[in-house]
Amino acid sequence: MSRTPFDQFAKQFFESFLAPLGEVKVNFEVPGEPKFIDIWFSPSNQPNIEAQNLGILDKIATLPCLIEPFRNQPKSSEVRSCLSKLFHVIDDFERKAKREEETIKEEELPQLWVITPSASDDLLSTACAFPSEDWLTGIYFLPKVLRTAIIAVNKLPRTPETLWLRIFGKGVIQKQAIDEVIGFDEEDPRRSTILQLLATWKISIEASDLIEQQDREFIMTLSQAYLEWEQ
């Protein structure tokens, strides 16, 4: 299991923001397999009335799902690994439904969301991933039978609806998202939550034994968020 600063941030992020909407499990072990899902989410029948507006994340959280965030564009082998986890989970769902003599509809099965800061045309073509009229630009769906979507953060429109996904971007895209959060009303609980997570991310990077040049540049991006959190 990855334990990089980004990995820690991503898991803490979804654990913090999706908890009011259902059950969140990080490093969730795939049933019967020595594999772990980064974030497993199961929606509640009665979401917390204090659930916050999370834009696209609210729509994602309407069904059980696996969320696999990547700091860099995943390789084809990494996408296949994510699909393997999904298939094992779906098999487990269908076995339980059969034991309990229940019928589970195709559209009720778990969905896989692969979040990447960018997705090349080659990756999307190889995965047979295409945009959907029902979703925003930047969200690409594999064939329906695979129950999987790739979210290319760099291709998402810059709107409040996509803010909580653009946090997972890189460079200018991520900086813009962080600046937008800093601009929230100071009483907005989402602001304090994300600033604390970003500050922890910055501290984790600085505590690493090896800091690459791109990490130094990213630390500069996080500096304002860290200062706001300190205040």
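**Burial and ring packing**

Author: Cys 82 has a relative accessible area of 2%, so this residue is buried (buried is under 20% relative accessible area, exposed over 50% and partly exposed in between, with a 1.4 Å probe and protein chains only). The model is predicted, so local features need pLDDT of at least 70 and side-chain atom pairs count only at pLDDT 80 or more, while totals for chains, interfaces and linings use all residues. Residues are numbered from 1 along each chain as its sequence is written, and side-chain values use heavy atoms, leaving out hydrogens and water.

Now the rings. Phe, Tyr and Trp (its six-membered ring) pair if their centres lie within 6.5 Å; planes under 30 degrees apart are stacked, over 60 edge-to-face, and the rest tilted. The count is 17 aromatic pairs. In one of them, Phe 14 and Phe 168 have ring centres 5.4 Å apart and planes at 15 degrees, so they are stacked. Phe 14 is in helix 1 (residues 5–18), whereas Phe 168 is in the loop between helix 5 (163–166) and helix 6 (171–182), 154 residues apart. Helices (H or I, at least four residues) and strands (E, at least two) are DSSP runs numbered from the N terminus. Phe 14 is buried at 0% relative accessibility, and Phe 168 is buried at 1%.

Phe 28 and Trp 40 also stack, with centres 5.9 Å apart and planes at 20 degrees. Phe 28 belongs to strand 1 (residues 22–29) and Trp 40 to strand 2, so this pair ties together parts 12 residues apart in sequence. Trp 40 is buried, at 7% relative accessibility.

Ring pairs also form a cluster, whose members include Phe 6, Phe 14, Trp 164, Phe 168 and Trp 201.
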